[in-house]
Amino acid sequence: MNVSGRAKGQKKIGIMGGTFDPIHFGHLLAAEESRTVLELDEVIFIPAGDPAHKRERKTASPEDRYVMTLLTTLGNPKFTPSRIEIDRKEPSHTVDTLREMRHWYAPEKVTFFFITGLDAVLGITSWKEYEALPGLCRMVAVNRPGYSPRKLENLPAEIRQAIIPLEIPLLSISSTEIRQRIEERRSIKYLLPEAVEQYIYKKELYRKKLEV
Ligand code: NAP
């Protein structure tokens with residue numbers, strides 16, 4: 001064991017899961033806070049390819065969300081974007097992603113920490129094979145405005161034990177708010193990296209088509 005209480009050769013890897021539609025500074029802050037608090041070796045950002053649970057809303061294309069994730073993570077050597085869900089032809093399910101990732105690493109040498117929003121974690125019992133998740137990872141539930149971590153108590157005990165609630169101050173930026181601002185032609189400056197802002201404008205993402 002070393003000073004951080006970790007056995008020699010063991011890795012701790014964060015997996016940031018989200019639609020990232022678009023990715024913003026709140027996500028970066030959540031990833032960096034998780035990395036430092038949980039002493040993670042790296043954080044892999046996985047934009048959901050075809051969010052199985054989100055067919056009712058049109059999202060930016062998987063490729064656009066991947067490019068925005070790539071642009072956002074460029075500046076941090078501990079952050080890596082992954083195409084694992086983008087390239088999968090079937091709908092994205094976290095359990096499949098985690099199982100696939102365990103093939104890349106020796107499972108006995110790595111602990112995965114799946115990081116996502118508290119509101120998403122509160123709905124975990126609707127996810128595919130959710131009972132298998134505690135055997136594959138720890139879940140990090142990042143606070144979201146309007147959602148109390150006390151609600152985690154309503155989840156089954158086996159799942160609850162695998163969840164680490166993470167409080168991040170001032171995290172009230174949301175992708176929904178950013179999409180709305182773009183639709184209303186309001187500024188999105190300082191909510192996300194400038195390169196992502198430029199990409200959104202260049203590709204005309206999230207803009208309502210003007211009536212002719
Ligand atoms: P989402 O709409 O992108 O996010 C849900 C909430 O969490 C939003 O408030 C979001 O804020 C926030 N959030 C998203 N990613 C975050 C992150 N990494 N760190 C901190 N906050 C984050 O997410 P979703 O589509 O519901 O799903 C989140 C993750 O859970 C994805 O990886 C998804 O594949 C997985 N999931 C899996 C299943 C399944 O296996 N069947 C079902 C549902 C969800 P913003 O809107 O600002 O991003």
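Cores, strands and salt bridges in a predicted model

Q: Which residues touch the most other members of the largest nonpolar core?
A: Met16, Val43, Phe45, Met68 and Ile200 do, within a core of 31 residues. A nonpolar core here is a set of buried Ala, Val, Leu, Ile, Met, Phe, Trp, Tyr and Cys residues joined through side-chain atoms within 4.5 Å. Buried means under 20% relative accessible area, exposed over 50%, and partly exposed in between (1.4 Å probe, protein chains only).

Q: Which elements each supply at least two residues of this core?
A: They are helix H1 (25-37), strand E2 (42-47), strand E4 (110-117), E5, strand E6 (163-166), H6 and helix H7 (194-202). Helices (H or I, at least four residues) and strands (E, at least two) are DSSP runs, numbered from the N terminus.

Q: What other core lies apart from it?
A: Another core, of 26 residues, lies apart from the largest one, and its members include Val95, Leu122, Cys137 and Ala141.

Q: Before going on, what kind of model is this?
A: This is a predicted model, in which local features need pLDDT of at least 70 and side-chain atom pairs count only at pLDDT 80 or more, while totals for chains, interfaces and linings use all residues. Residues are numbered from 1 along each chain as its sequence is written, and side-chain values use heavy atoms, leaving out hydrogens and water.

Q: Back to Ile200, then: what does isoleucine 200 touch?
A: Not counting residues up to four places away in sequence, isoleucine 200 touches Pro22, Met68, Ile182, Ile188, Leu192, Leu205 and Tyr206. Contact means heavy atoms within 4.5 Å.

Q: And isoleucine 178, is that buried or exposed?
A: Isoleucine 178 counts as buried, at 0% relative accessibility. Its place is in helix H6.

Q: How many residues in sequence lie between isoleucine 178 and phenylalanine 25, and how far apart are they in space?
A: They are 153 residues apart in sequence and 11 Å apart in space, C-alpha to C-alpha.

Q: Now the strands. How many residues of E5 are buried?
A: Four of the five residues of E5 are buried, and the strand is mostly covered.

Q: What does E5 pair with, and in which sense, parallel or antiparallel?
A: E4 and E5 pair in the parallel sense over five bridges, and E5 also runs parallel to E6, joined by four bridges. Two strands pair if DSSP finds at least two bridges between them. Isoleucine 115 has valine 140 in E5 as its bridge partner, and alanine 141 has proline 165 in E6.

Q: Changing topic, how many salt bridges are there?
A: The count comes to 12 salt bridges. A salt bridge is a side-chain nitrogen of Lys or Arg within 4 Å of a carboxyl oxygen of Asp or Glu.

Q: Which residues are linked in a network of them?
A: Glu63, Arg83 and Asp87 are linked in such a network. Aspartate 87 and arginine 83 meet at 3.0 Å, N to O. Aspartate 87 is partly exposed at 41%, and arginine 83 is partly exposed at 26%.

Q: Which salt bridge does arginine 99 form?
A: Arginine 99 forms one with glutamate 129, with the closest N and O atoms 2.8 Å apart. This pair links distant parts of the chain, 30 residues apart: arginine 99 is in helix H3 (residues 94-104), and glutamate 129 is in the loop between helix H4 (118-122) and strand E5 (138-142).

Q: Where do glutamate 177 and arginine 181 lie?
A: Both lie in helix H6 (residues 175-183), four residues apart, about one turn of the helix.
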